[in-house]
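The following note sets out numbered points for a colleague who is new to this structure. Please read each point beside the sequence and the model.

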Amino acid sequence: MSIDEPDFNALLGSNLARVFNERDSARREAAIGELFVANPIMYEPDAVLEGRAAISAVAGALLERFGPDFRFTPVGNAVGHHGMGVLHWEAGPQGGPVAVTGADMAEVVDGRISRLWVLLNRTSG
């Protein structure tokens, strides 16, 4: 890893834990302020979200929709180079079956997430 590269595992792991698993909106927004640039963009399969508030709202809505035991869990460590990193994850009720798997791919600028792509593995059936 180049000395100029961020710690992709710490950054993307913190995004999963402190943003997408955080039910308290004030703590989630504080984390987004630390982890993301001022005007980030997040790409979901069916939407493009612009700004920290939009990302916080989507994370909160996901957690509310899927219930109090729903958690995102990293699968392995994030890897990256040249300002791009990826972290694979799975999600579902804590202690229960995995409901969805995917990966977050991030463009990192000055140690913060500038653009985030949420890549979902499609379920068969």
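1. Phenylalanine 70 counts as buried because its relative accessibility is 5%; buried here means under 20% relative accessible area, exposed over 50%, and partly exposed in between, with a 1.4 Å probe and protein chains only. Phenylalanine 66, in contrast, is partly exposed, with a relative accessible area of 40%. The model is a predicted one, in which local features need pLDDT of at least 70 and side-chain atom pairs count only at pLDDT 80 or more, while totals for chains, interfaces and linings use all residues. Residues are numbered from 1 along each chain as its sequence is written, and side-chain values use heavy atoms, with hydrogens and water left out.

2. Five aromatic pairs are found in a search of the whole structure. Phenylalanine 66 and phenylalanine 70 form a stacked pair, because their ring centres are 4.8 Å apart and their planes lie at 25°. Rings of Phe, Tyr and Trp (for Trp, the six-membered ring) pair if their centres lie within 6.5 Å; planes under 30 degrees apart count as stacked, over 60 as edge-to-face and the rest as tilted.

3. Phenylalanine 72 and tryptophan 89 make an edge-to-face pair, since their ring centres are 5.2 Å apart and their planes are at 80°. This pair links distant parts of the chain, with phenylalanine 72 in strand β3 (residues 70-81) and tryptophan 89 in strand β4 (residues 84-93), 17 residues apart. Helices (H or I, at least four residues) and strands (E, at least two) are DSSP runs, numbered from the N terminus. Phenylalanine 72 is buried at 9% relative accessibility, and tryptophan 89 is buried with a relative accessible area of 4%. One aromatic cluster is formed by Phe20, Phe66, Phe70, Phe72 and Trp89.

4. Glycine 102 lies in strand β5 (residues 100-109) and is buried at 4% relative accessibility. Leaving aside residues up to four places away in sequence, glycine 102 touches Leu87, His88, Trp89, Leu119, Leu120 and Asn121; contact means heavy atoms within 4.5 Å.

5. Helix α1 (residues 8-20) has several buried residues, including Phe8, Leu11, Leu12, Asn15 and Phe20. An α-helix has 3.6 residues a turn, so residues three or four places apart point the same way. Asparagine 15 is buried because its relative accessibility is 0%. Beyond residues up to four places away in sequence, asparagine 15 touches Phe20, Leu35, Phe36, Asp104, Ile113 and Leu116.

6. Helix α3 (residues 52-66) has 15 residues and reaches 22 Å from its first C-alpha to its last, close to the expected 21 Å; the expected span is 1.5 Å times one less than the number of residues. Its buried residues are Ile55, Ser56, Val58, Ala59, Gly60 and Leu63. These buried residues of α3 pack against α1, α2 (25-35), β1 (36-44), β2 (47-50) and β3. Just after α3, glycine 67 takes a positive phi of about 95°.

7. Which residues are the closest to the centre of the largest pocket? Of the 21 residues that line the largest pocket, they are Glu44, Leu62, Phe66, Val118 and Leu120. A pocket is an open set of points on a 1 Å grid over the protein atoms alone, where a 1.4 Å probe fits, with protein on both sides within 12 Å along at least five of seven lines; lining residues have an atom within 4 Å of a point. Helix α3 gives the most to this lining, with five residues.
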